[in-house]
Amino acid sequence: RYFNVINPDDVVARYGADAFRMYEMFLGPIEQSKPWDINKIDGVSKFLRKLWSLFFNAEGQFYLSDDSPSPEELKALHQAIKSIELDINKFSFNTCVSHFMICVNELKRLNCSSSQILLPLLQLLAPFAPHISEELWHKSGRKTSIHLENYPVFEQKYTEESSLSYPVCINGKKRSMLEVNKNLSKDEIEQQAIALDVIQKWIDGKPVRKVIIVPNKMINIVI
């Protein structure tokens, strides 16, 4: 009677059911009451449009590549799978939506079009945005419903860093940084550290008494 009610049908007509659904999840923790702000739903709508654009080329044609995904693309997907699975089990749906946004932004930055990344992403998204997920799934040529598919499985190997960053110190004072493959031996790391131009200037012909390598922490060259 006070004309202060927002009809959900009007919101769905303007933004779509998936945006409305995800926006309600995104408002905050499920056990707390949240203020309704219709203006903020536009952010969720933009996220879904960005997701949609991943599946189309510059000419506006639906496109998925059969190319093998890059390590960065696999990392973005599997970090999302891990985080979302953990948060679903805690009923923390608002942070799940945040993880989706982070993942899609990263895949957009990488210009990802790999079907090995984007189709599992749809399977991950399906419980949250069932309509857009189903539509893109069928556009990819699948005949059965996405909601009958298995949920993606997290594989830790894709999220592990392949390299390490070491601060390189001379007599305990940091002088440079060194990026090395995590599988290198201590002797190989030592050689690369001493060979750095900055470190060579600091050594300046002085004898190196010893090199202390604290695994995954630092390198200290004693002269």
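**Close-up views of a predicted model**

**View 1. Contact between helices α1 and α2.** In this predicted model, Pro8, Val11, Val12 and Tyr15 of α1 meet Ala17, Ala19 and Phe20 of α2. The residues of this contact divide into seven nonpolar, no polar and no charged. The two helix axes, those of α1 and α2, come within 7 Å and cross at roughly 120°.

**View 2. The two ends of α1.** Where α1 starts, Asn7 has a side-chain oxygen that lies within 2.9 Å of the backbone nitrogen of Asp9. Just after α1 comes Gly16, with a positive phi of about 100°.

**View 3. The largest nonpolar core.** This core has 43 residues. Met22, Phe100, Leu107, Leu118, Leu121 and Leu125 are those with the most contacts inside the core. At least two of the core residues come from each of α1 (8–15), α2 (17–26), α3 (41–53), α4 (71–89), α5 (93–109), α6 (115–125) and α7 (130–139). Another core, of 14 residues, lies apart from this one; Ile170, Leu196, Ile213 and Ile219 are among its members.

**View 4. Surroundings of Leu125.** Leaving aside residues up to four places away in sequence, Leu125 touches Met22, Phe47, Leu51, Phe100, Ile132 and Ser133. Leu125, Met22 and Phe100 are also among the residues with the most contacts inside the largest nonpolar core.

**View 5. The four-stranded sheet.** Four strands, in the order β2-β1-β4-β3, make up an open sheet with mixed pairing. At its edges are β2 and β3 (210–214), each of which pairs on one side only. On average, neighbouring strands of the sheet are turned by 20° against each other, direction ignored. Strands of a sheet pair through backbone hydrogen bonds, in either a parallel or an antiparallel sense.

**View 6. The hairpin of β1 and β2.** Strand β1 (residues 163–170) pairs with strand β2 (residues 173–181) in the antiparallel sense, over eight bridges. Ile170 has Lys173 in β2 as its bridge partner. Two residues lie between the strands of this hairpin, and Asn171 takes a positive phi near 50°.

**View 7. Pairing of β3 with β4.** Five bridges join β3 to strand β4 (residues 218–222), and the sense is antiparallel. Val211 stands opposite Ile221, a residue of β4.

**View 8. Helix α8 on the sheet.** Helix α8 (residues 186–195) lies across β1, β2, β3 and β4. Its direction is at about 130° to β2.

How values were computed. Residues numbered from 1 in each chain as written. Predicted model: local features only at pLDDT ≥ 70, side-chain atom pairs only at ≥ 80, totals over all residues. Heavy atoms only, no water. Pairing = 2+ DSSP bridges. Axes fitted to C-alpha atoms, helices over the stretch in contact; angles between N-to-C directions. Contact = heavy atoms within 4.5 Å. Core = buried A, V, L, I, M, F, W, Y, C linked by side-chain atoms within 4.5 Å. Buried < 20%, exposed > 50% of the residue type's maximum accessible area, 1.4 Å probe, protein only. Polar contact = N/O pair within 3.5 Å; in protein donor to acceptor, adjacent residues only side chain to side chain. Nonpolar A, V, L, I, M, F, W, Y, C, P; charged D, E, K, R; others polar.
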